[in-house]
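Work through these exercises with the structure in view. Try each task before you read its solution.

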Amino acid sequence: MPDNVDASERMVDDWTKQIQETAARYQAMAARVQGQTVTERSKDNTIEVTIDSKGLLTNLVIAEAASGKRMAEVSSQVMRLVQLAQSRIPELLQAAMAETVGTTDETASRVIAEAQSTFPEAPPEEDVAPPEPDRHHRFGPEEEEPPPASQANSPQSPPQPKPIPRRRRTQDDDDDEFGGNILS
């Protein structure tokens, strides 16, 4: 009977040791992944994004050279770069797991599958610029809108002058240039 007790104790000790080793490997993997970041840059190097291992944006750099671009194009590039960086997270996890816990572990496979569903591959890059917005902003004096096409051929009446805004009177307006009130 003592052999059975000794064998049981060894078996429990082996399980405990195995569990502790596995836990240490998972902690090493978590520490390695936690410190990793992914950085992506636009082709023209005007935009750079950095994300952490959780997929959160940690840095965004937009160069002065991007000021000539339309804001819709800049924002579209930022989002594309974030998606591209996030799509690399599963491969980072897979590399960290291969070096620490191994990729044959069932838990590791589930973690990688979850990362792939959370951060799918980025959509293919489109070289087509976003469409021009329908609205145009005007900064300056108001311009007359061109008449509709149906009125273009009809005789036009002369343009109506715009009313001149009245100036508010101040207390000094009661005095004239000669030093006195004209009503007294």
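**Exercise 1. A threonine and its surroundings**

In which strand is Thr-50 found? Decide whether Thr-50 is buried or exposed, then list its partners.

Solution. A reminder before the steps: this is a predicted model.

Step 1. Find the element. Thr-50 sits in strand β2.

Step 2. Judge the burial. Buried means under 20% relative accessible area. Thr-50 has 10%, so it counts as buried.

Step 3. Look for a polar partner. The side chain of Thr-50 makes a polar contact of 2.9 Å with the side chain of Thr-39.

Step 4. List the contacts, leaving aside neighbours within four places in sequence. Thr-50 is in contact with Thr-37, Val-38 and Thr-39, and also with Leu-56, Leu-57, Thr-58 and Asn-59.

**Exercise 2. The whole chain**

Describe the chain by its elements, its burial and its surface.

Solution. 

Step 1. Count the elements. The chain has 5 helices and 3 strands.

Step 2. From the N terminus they run α-β-β-β-α-α-α-α.

Step 3. Check the burial. The chain has 184 residues, and 20% of them count as buried.

Step 4. The accessible surface is about 15300 Å². Carbon and sulfur atoms account for 52% of that surface.

Step 5. Ask how far contacts reach along the sequence. Take the contacts between residues at least 6 apart in sequence; 52% of these join residues at least 24 apart.

**Exercise 3. Helix α2**

Compare the span of helix α2 with the expected span, then find what its buried residues pack against.

Solution. 

Step 1. Set the limits. Helix α2 covers residues 71–86, which is 16 residues.

Step 2. Compare the spans. From first C-alpha to last, α2 reaches 23 Å. That is close to the 22 Å expected at 1.5 Å a residue.

Step 3. Pick out the buried residues. They are Val-74, Val-78, Arg-80, Leu-81, Val-82, Ala-85 and Gln-86.

Step 4. Use the helical repeat. An α-helix has 3.6 residues a turn, so residues three or four places apart point the same way.

**Exercise 4. Salt bridges**

How many salt bridges are counted?

Solution. 

Step 1. Give the count. There are 5 salt bridges. Side chains of opposite charge can pair when their charged atoms come close.

Step 2. Take Glu-40 and Arg-88. Glu-40 has a relative accessible area of 13%, so it is buried. Arg-88 is at 30%, so it counts as partly exposed.

Step 3. Arg-41 is partly exposed, at 49%.

Step 4. Take Arg-110 and Glu-106. Arg-110 is exposed at 53%, and Glu-106 is exposed at 54%.

**Exercise 5. A loop serine**

Locate Ser-53 and describe its contacts.

Solution. 

Step 1. Ser-53 is in the loop between β2 and β3.

Step 2. Judge the burial. Its relative accessible area is 16%, so Ser-53 is buried.

Step 3. Find the polar atom pair. A polar atom of the Ser-53 side chain lies 3.1 Å from the backbone oxygen of Val-33.

Step 4. List the contacts, not counting residues up to four places away in sequence. Ser-53 touches Val-33, Gln-34, Gln-36 and Ile-89.

**Exercise 6. Helix α1**

Which residues form a nonpolar patch on the surface? Then check Gln-27.

Solution. 

Step 1. Name the patch. Met-11, Val-12, Trp-15 and Ile-19 form it, with about 430 Å² of accessible area together.

Step 2. Met-11 is in helix α1 (residues 2–34). Met-11 is partly exposed at 42%.

Step 3. Turn to Gln-27. Gln-27 also lies in helix α1. At 59% relative accessibility, Gln-27 is exposed.

Step 4. Compare sequence with space. Gln-27 and Thr-100 are 73 residues apart along the chain, and their C-alpha atoms are separated by 9.1 Å.

Definitions and conventions
Residues numbered from 1 in each chain as written. Predicted model: local features only at pLDDT ≥ 70, side-chain atom pairs only at ≥ 80, totals over all residues. Heavy atoms only, no water. Helix = DSSP H or I, 4+ residues; strand = E, 2+ residues; numbered from the N terminus. Expected span 1.5 Å × (residues − 1). Buried < 20%, exposed > 50% of the residue type's maximum accessible area, 1.4 Å probe, protein only. Contact = heavy atoms within 4.5 Å. Patch = residues over 30% accessible without salt bridge, like charges linked within 9 Å, V, L, I, M, F, W, Y side chains within 5 Å. Areas by Shrake-Rupley, 256 points an atom, 1.4 Å probe, with all protein chains shown as cover. Salt bridge = Lys/Arg side-chain N within 4 Å of Asp/Glu carboxyl O. Polar contact = N/O pair within 3.5 Å; in protein donor to acceptor, adjacent residues only side chain to side chain.
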